[in-house]
Every structure is written in structure tokens, then in C-alpha cells.
Amino acid sequence: MCHISLAFYNEQYLKELEYYRLPEEMVRFTDLPIQAIHKSEQDQQRFPVVILSDGAPVGFFVLHGWNGVQKYSNNEQALLVRAFSVDSRYQGRGIAKQSMLLLPHFVSEHFQCKNEILLAVNHKNTHAQHVYRQSGFVDRGKRAMGSKGELLLLHLDISL
């Protein structure tokens, strides 16, 4: 079994992320890493994170501060996960779930004042919903409209 870890994006991962692959059905729900990195360069509250398997990039997501959270919650101590994906060449190995299970510790370590992690997932993306729920995220019944349809808002309390 591979060792899965999370690390903030830096340019050493750029080359591998340029070759990142997602199936068409996933691209309709999320940005590719390069797109998300460009958006992060325009918003200081977006923190790109690389999912590593034995040190090699296999997945990606962004932690977004208040600029992203406020659309979905009034909790200023929350972070929003966006653009979450695992490269199609590595899917089906439990990497998404493992990375989500590492996320509370990662957030607590790097964002000490945060007490909640939020996700907005398209209602049609049932596979992702399953992974997030298995990782401890809870559906409290809140919904929002996104550019590609209805979103379910999932919450993970990380307060001590």
C-alpha cells in the first residue's frame, strides 16, 4: 500500500500536474489542478494542496478561506474544499478517502483557528458524495445552486 500524504502546492509539482488526467464525467464537476492553481494566484485565500502517493502527485484540491466559505456558511472559522480530484490513472485505490481522512489533521496543523471544513458537491456526483460521507462529512440538509446545478453542502467539525 502506498503512503498517502498532503502538501501545499509548490512549483516542484507543476510538471506532473500539467499531465493530470480526469475522465470527462469528472471534468464537468471540478477544475483541473492547473486551472485551480491559476485561480489561487488571483485569490490569497486559496491554498492549493497536492495529494501525494509516496511523494508523487496523484490528486489535488484547494482550501479556500472566507472568500469561498461565505457563499455557503456564516462560519468565519471554516475552510471550503474545492476542485477536489484524484488523477484518473490513480483512481480506485482508496486515495480520495485516505486523503480526506488526513484532511482534519492537515487543517488543524496549518490553520489552527479553523473549526470546520465545508464541501459543496454536485447532487449528481454521487461517487464523490459517498467518499466524503465515508470520510466523516455530514449532510445537514443545506443546498445551494452552482453553475452546474444543485450542490449539497457537507460539513466536517474539526473543533477539539
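In this predicted model, the buried residues of helix H5 pack against both strands and a helix. The strands are S1 (4–8), S2 (46–53), S3 (56–64), S4 (78–86) and S5 (116–122). The helix is H6 (126–134). The buried residues of H5 are Ile95, Ala96, Ser99, Met100, Leu103, Phe106 and Val107.

Helix H5 covers residues 95–110, a run of 16 residues. At 1.5 Å a residue, H5 should span 22 Å. The C-alpha atoms at its ends are 21 Å apart, which agrees with that expectation. The helix also carries a kink of about 35°. The kink lies at leucine 103, shortly before proline 104. Leucine 103 is also one of the buried residues of H5.

The largest pocket holds about 1000 Å³ of space. Its lining is made up of 44 residues. Nearest its centre lie Phe29, Thr30, Phe84, Asn125 and Tyr132. Several elements give two or more residues each to this lining: H2, H3, S4, H5, S5, H6 and strand S7 (149–157). Strand S4 supplies the largest share, with seven residues.

Threonine 30 is among the residues nearest the pocket centre. It sits in the loop between helix H2 (24–27) and helix H3 (33–42). Its relative accessibility is 12%, so threonine 30 counts as buried, the cut-off being under 20%. Beyond residues up to four places away in sequence, threonine 30 touches Leu22, Ala83, Phe84 and Ser85. Of these partners, Phe84 is itself listed among the residues nearest the pocket centre.

Alanine 83, another partner of threonine 30, is placed in strand S4. Alanine 83 is buried, because its relative accessibility is 14%. Its backbone stands out for a phi near 60°, a positive value in a residue other than glycine. Aspartate 54 also has a positive phi, of about 50°, although it is not a glycine. The setting of aspartate 54 is the loop between S2 and S3. With a relative accessible area of 55%, aspartate 54 is exposed, whereas alanine 83 is buried.

Asparagine 122 belongs to strand S5. Its relative accessibility is 6%, and asparagine 122 therefore counts as buried. Neighbours within four places in sequence set aside, asparagine 122 is in contact with Phe29, Gln129, Lys148, Gly149, Glu150, Leu151 and Leu152. One of these, Phe29, lies among the residues nearest the centre of the largest pocket. Leucine 22 and asparagine 122 are 100 residues apart along the chain. Their C-alpha atoms are separated by 16 Å. Leucine 22 is in turn one of the residues that threonine 30 touches.

A search of the whole structure finds zero disulfides. Cysteine 2 is partly exposed, with a relative accessible area of 38%. Cysteine 113 is exposed, and its relative accessible area is 56%.

Note on methods
Residues numbered from 1 in each chain as written. Predicted model: local features only at pLDDT ≥ 70, side-chain atom pairs only at ≥ 80, totals over all residues. Heavy atoms only, no water. Helix = DSSP H or I, 4+ residues; strand = E, 2+ residues; numbered from the N terminus. Buried < 20%, exposed > 50% of the residue type's maximum accessible area, 1.4 Å probe, protein only. Contact = heavy atoms within 4.5 Å. Disulfide = S-S within 2.5 Å. Expected span 1.5 Å × (residues − 1). Bend = angle between axes of the 7 residues up to and from the residue. 1 Å grid on protein atoms, 1.4 Å probe; cavity = no way out; pocket = protein on both sides within 12 Å on 5 of 7 lines; lining within 4 Å. Points joined across faces, edges and corners; volume = space filled by probe spheres on them.
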